[in-house]
Amino acid sequence: MLRLLKKIDTSYFQKENISFFFLNVIYFSANCMFFGFLVMYLTSKGYSGFECGVFNTLISICALIVQPISGYLTDTFITIKKYLIFTSIAAIAFTFALPLTVSNPILAAISVMLMAALVNPSAFLADTWAVTLRETYPHIDYGKNRSGGSIGYCITSIAAGYLVAPLGYHILFILHIVLFIIYILIVLTIPDIPCRNAKSAQPLSAEPSEHKSLSFIQVLNILLKNKPYLLFLTSSFCYYASMRAFSSNVSYKVLSLGGDDSMMGVALAIGAIFEVPFLFIINRCIHRFPLNHLYLFSVFCILFRGLFMAFAPTAGLMYFSQALQACSYGVYVAVSLEIVSRLVPPNIRTTSITLMVAVTSGLGAIIGCFIGGALIDSMGVDLMAYIMSIPCVVGILLYLIPMFQQKSK
């Protein structure tokens, strides 16, 4: 027992880690309240599978547009801390826009897009904040901190699934507001970082030097000439198209198995809790294994997730497919951040990461959500899962072929 205690890294339990851990707990809990049960909520209001697919597509369009803009803004004009506070206050103000407009599909879609534009960039902005702040506070452990999001999402999804039946969906919107108030209070406890692309901005650990900010077009030109970055971007796009088709339509698998909100809550919980062990060890894995191998592991996991989701005749196998996605995403979210951070200059890191998120959770998710919703209406959820496994195979091949070519030289 004494040996075990000696191995525990007590340096983790410092203010910055605790703040980032609970920041993730609260953010992903709030995200679960609004977006995790969005399809079930819309379905209860009479929306079809295709219409729900359109809503998910609109959310992805918002990510495609807003993510790189938020990245450039926080690289150049406003710090991540101030940006998160401002958007959180706005999210609180507009939380009840959806239930007030749900009877009108156009207004409801606008309210969902507004919420997505406000809060969806927050996750990767906070991740970038943690990775950048690690240069000043080396004890910051991104993987363990990010596991707080999985734990929060797991607990919240189970609780929300059981709260809806007696209290109705309005309880989720009320809790969404409460959680974002707590989120703002936690953001205030974390040290701020400067905008590295601002005029005369200095890296956190560098000698003073003149620095001129790059325009958004200049940043894009730099990234478009970065072939390794573009290769990873393309492969990740394919990965995300498959992953989002599966995750955004899991409620239809639940319904096809005769499940209800409580089963949906358990499915969402499993899809979150299995991320935790991978996030706890990912920091060590990143230092022990090649990032390319870890990334491919995550893509293969999502491929098998789709195949098991399609085959699953019981709730148990459906839950297993959820666990596979959790394993995949637990690795992907940390590895993708590290890959991009190492491929691009530090002064455009936030823009590069949020552009990657825009192409994946934006464009990739648009394809996945829209085609997935259309396939469900015409062919059913099982056949949709088989078909949407194809982009995942393409993503694997896109990443493997250049690796083999490089080894053969």
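Modeller: Phe 289 counts as partly exposed because its relative accessibility is 42%, where buried means under 20% relative accessible area, exposed over 50%, and partly exposed in between (1.4 Å probe, protein chains only). The model is predicted, and local features need pLDDT of at least 70, side-chain atom pairs count only at pLDDT 80 or more, and totals for chains, interfaces and linings use all residues. Residues are numbered from 1 along each chain as its sequence is written, and side-chain values use heavy atoms, with hydrogens and water left out.

Phe 289 sits in the loop between helix H15 (275-288) and helix H16 (291-311); helices (H or I, at least four residues) are DSSP runs, numbered from the N terminus. Its C-alpha atom is separated by 20 Å from that of Ser 235, 54 residues apart along the chain.

Asn 249 is buried because its relative accessible area is 2%. Leaving aside neighbours within four places in sequence, Asn 249 is in contact (heavy atoms within 4.5 Å) with Arg 244, Met 309, Gly 372, Gly 373, Ile 376, Val 381 and Met 384. Its side chain also reaches the backbone oxygen of Ala 245 at 2.9 Å. The C-alpha atoms of Asn 249 and Arg 196, 53 residues apart along the chain, are separated by 39 Å.

The structure holds five cavities of 30 Å³ or more. On a 1 Å grid over the protein atoms alone, a cavity is a set of points where a 1.4 Å probe fits but cannot get out, and its lining residues have an atom within 4 Å of a point. Grid points are joined across faces, edges and corners, and a volume is the space filled by probe spheres set on the points. The largest cavity contains about 920 Å³ of space. It is lined by 39 residues, and those closest to its centre are Asn 31, Tyr 153, Tyr 240, Arg 244 and Ser 247. The lining divides into 20 nonpolar, 15 polar and four charged residues, with Ala, Val, Leu, Ile, Met, Phe, Trp, Tyr, Cys and Pro taken as nonpolar, Asp, Glu, Lys and Arg as charged, and the others, Gly among them, as polar.

The second largest cavity holds about 90 Å³ of space. Its lining residues include Thr 74, Thr 79, Ile 80, Arg 196 and Arg 349. Helix H4 (49-76) and helix H18 (349-379) are the elements that give two or more residues to this lining. By class, five of its lining residues are nonpolar, four are polar and three are charged.

Thr 79, one of those lining residues, lies in the loop between H4 and helix H5 (80-94). Thr 79 counts as buried because its relative accessibility is 11%. Its side chain makes a polar contact of 2.9 Å with the side chain of Asp 192; such a contact is a pair of N or O atoms within 3.5 Å, one able to donate a hydrogen and the other to accept it, and residues adjacent in sequence count only if both atoms are side-chain atoms. Beyond four places in sequence, Thr 79 touches Thr 74, Asp 192, Ile 193 and Cys 195.

Ile 80, Tyr 83, Leu 84 and Ile 85 are among the buried residues of H5. The cover over the buried residues of H5 includes H4, H7, helix H8 (122-133) and H10.

Of these covering elements, H10 (residues 170-187) has 18 residues and reaches 26 Å, close to the 26 Å expected. Its buried residues include Phe 173, His 176, Phe 180 and Tyr 183. Ile 110 belongs to H7 (residues 105-119) and counts as partly exposed because its relative accessibility is 49%.

Finally, helix H9 (residues 142-167) contains Arg 146, which counts as buried because its relative accessibility is 3%. Not counting residues up to four places away in sequence, Arg 146 touches Asn 24, Phe 28, Asp 127, Glu 275, Leu 279, Tyr 329 and Val 333. The N-terminal end of H9 is capped by Asp 141, with a side-chain oxygen 3.2 Å from the backbone nitrogen of Gly 143. Just after H9, Gly 168 takes a positive phi of about 85°.

Key:
On a 1 Å grid over the protein atoms alone, a cavity is a set of points where a 1.4 Å probe fits but cannot get out, and a pocket is an open set with protein on both sides within 12 Å along at least five of seven lines; lining residues have an atom within 4 Å of a point. The expected span of a helix is 1.5 Å times one less than its number of residues.
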